[in-house]
Amino acid sequence: MKKNLIAAMTLPLALGSALIVTTLGTASAAPKISAQSIIVNPVQTSMTVKVWTDRDTSGTQTPNYYVNDKIRIYTSVNQDAYVYLFNVDPTGKVDLILPNRYAGGANYVRAGTVKAFPSSQDQFTFDIAAPYGLNKVLALASKTQLNLNDIATFQTQNSQAAAQGGFADVKVQGQQQLAQALSIVVNPVPQNTWISDVAYYNVAQGYGNSYQQPAYQQPTTVVIQPQPSYGFPVYSNQEDWRTSFTSDRSADDVYNYYAAELQRQGYRQTDRSANRGRYAGQFQNGNATSELRITLSGGRYEIVIIKRQ
């Protein structure tokens, strides 16, 4: 996911082993690390959190997005909670979407409300970018604020986050590392006070609705202006044509005259060179080629035009 600042601000692991801890006579189970859901609370709780994208309000499908499409992510909780949003792309790159340090980046969400990212107050957009493939958006809600210092940090200078604006530097890479790190983060909090949810979206190859096809441009018609004859011998359209004459006209005048003759026959110049009184041009018309050679010595021109099919 590419975080793109708009004009208003100038600047798109192995499974963890089960731990049994006895606290006040209540057994707690380690968070479950899941290939599909990343991290799951194995303990039943009354809390719920939902996350979805703007192309799938159910949060159960896998909508397609295309490069340069804009995506908006939504989340809601049934109890007041701190919500943390992570995006994991197909290569395992992890982005911390929420919290962030923009106007709508506070991650305390009231029960029954829906929060959008980016919000209407944010001065950035989420723009879809390669790599192609499945992305996962993890929402983790907790009644107490979590310490993510071992996962991501906000810096003000000399950091990637500073270059990107108000987003954090993420220290972990890959879904399994993220899951293991989060399982450590939620371990100190009561198990019935956190919950998670995952939404999916796919970055597909091709063009989406946001693709703007380039406007049709009328082909440019090249008009070959007639060249003055200057009394030069007229090219007779032979495959191997040669002539010689004397003239006080410049070598450029002579070259341009015969080059224009070839261009009027549909040839396009592909190369031109000059070296010590010798001038040469290469021309092409489909599979046919033509070569123009001009030699100047003491005011006398030798002209050679050779055509090949």
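**Entry 1. Asp-252 and its partner.** I began with Asp-252, which is partly exposed at a relative accessible area of 43%. The model I am reading is a predicted one. I looked for a charged partner and found Arg-272, whose side chain meets that of Asp-252 in a salt bridge (2.9 Å, N to O). Arg-272 belongs to strand E20 and Asp-252 to helix H3, so this pair ties together parts that are 20 residues apart in sequence. Arg-272 is also partly exposed, with a relative accessible area of 36%. I noted the general point that side chains of opposite charge can pair when their charged atoms come close.

**Entry 2. Other salt bridges.** How many salt bridges are there in the whole structure? My search gave 10. I looked up two others. Asp-253 and Arg-249 join through their side chains at 3.1 Å, N to O. Arg-249 is partly exposed at 33% relative accessibility, whereas Asp-253 is listed among the buried residues of H3. Lys-93 and Asp-95 form a salt bridge at 2.7 Å, N to O. Is Asp-95 buried or exposed? Asp-95 has a relative accessible area of 10%, and since buried means under 20%, it counts as buried. Lys-93, at 32%, is partly exposed.

**Entry 3. Helix H3.** I then followed H3, which covers residues 251-264. I checked its length: at 1.5 Å a residue, its 14 residues should span 20 Å, and the end C-alpha atoms are 20 Å apart, which agrees. Among the buried ones I wrote down Val-254, Tyr-255, Tyr-257, Tyr-258 and Leu-262. What covers them? The cover for the buried residues of H3 includes E19, E20, E21, E22 and E23. After the helix comes Gly-266, which has a positive phi near 100 degrees.

**Entry 4. The sheet under H3.** H3 lies across E19, E20, E21, E22 and E23, and runs at about 160 degrees to E22. These five strands make an open sheet in the order E19-E23-E22-E21-E20, with antiparallel pairing. Which strands stand at the edges? They are E19 (240-246) and E20 (268-275); each has a single partner strand, so one side of each has no neighbour in the sheet. Neighbouring strands are turned by 10 degrees against each other on average, direction ignored. I looked at one pair: E19 and E23 (residues 300-308) are antiparallel over seven bridges. Trp-241 stands opposite Ile-305 of E23.

**Entry 5. Trp-52.** Next I turned to Trp-52, in strand E6 (residues 49-53). Trp-52 is buried, with 14% relative accessible area. Leaving out residues up to four places away in sequence, I found that Trp-52 touches several residues, including Thr-57, Tyr-74, Val-114 and Ala-199. Ile-73 is another residue in contact with Trp-52. Trp-52 and Ile-73 are 21 residues apart in sequence, yet their C-alpha atoms are 5.9 Å apart in space.

**Entry 6. Asp-127.** Last, I looked up Asp-127, in strand E14 (residues 124-127). Asp-127 counts as buried at 4% relative accessibility. Its side chain makes a polar contact with the side chain of Lys-70 at 3.2 Å.

Note on methods:
Residues are numbered from 1 along each chain as its sequence is written. This is a predicted model: local features need pLDDT of at least 70, side-chain atom pairs count only at pLDDT 80 or more; totals for chains, interfaces and linings use all residues. Side-chain values use heavy atoms; hydrogens and water are left out. Helices (H or I, at least four residues) and strands (E, at least two) are DSSP runs, numbered from the N terminus. Buried means under 20% relative accessible area, exposed over 50%, partly exposed in between (1.4 Å probe, protein chains only). Contact means heavy atoms within 4.5 Å. A polar contact is a pair of N or O atoms within 3.5 Å; within protein, one must be able to donate a hydrogen and the other to accept it, and residues adjacent in sequence count only if both atoms are side-chain atoms. Two strands pair if DSSP finds at least two bridges between them. Axes are lines fitted to C-alpha atoms, for helices over the stretch in contact, and angles run from 0 to 180 degrees between N-to-C directions. The expected span of a helix is 1.5 Å times one less than its number of residues. A salt bridge is a side-chain nitrogen of Lys or Arg within 4 Å of a carboxyl oxygen of Asp or Glu.
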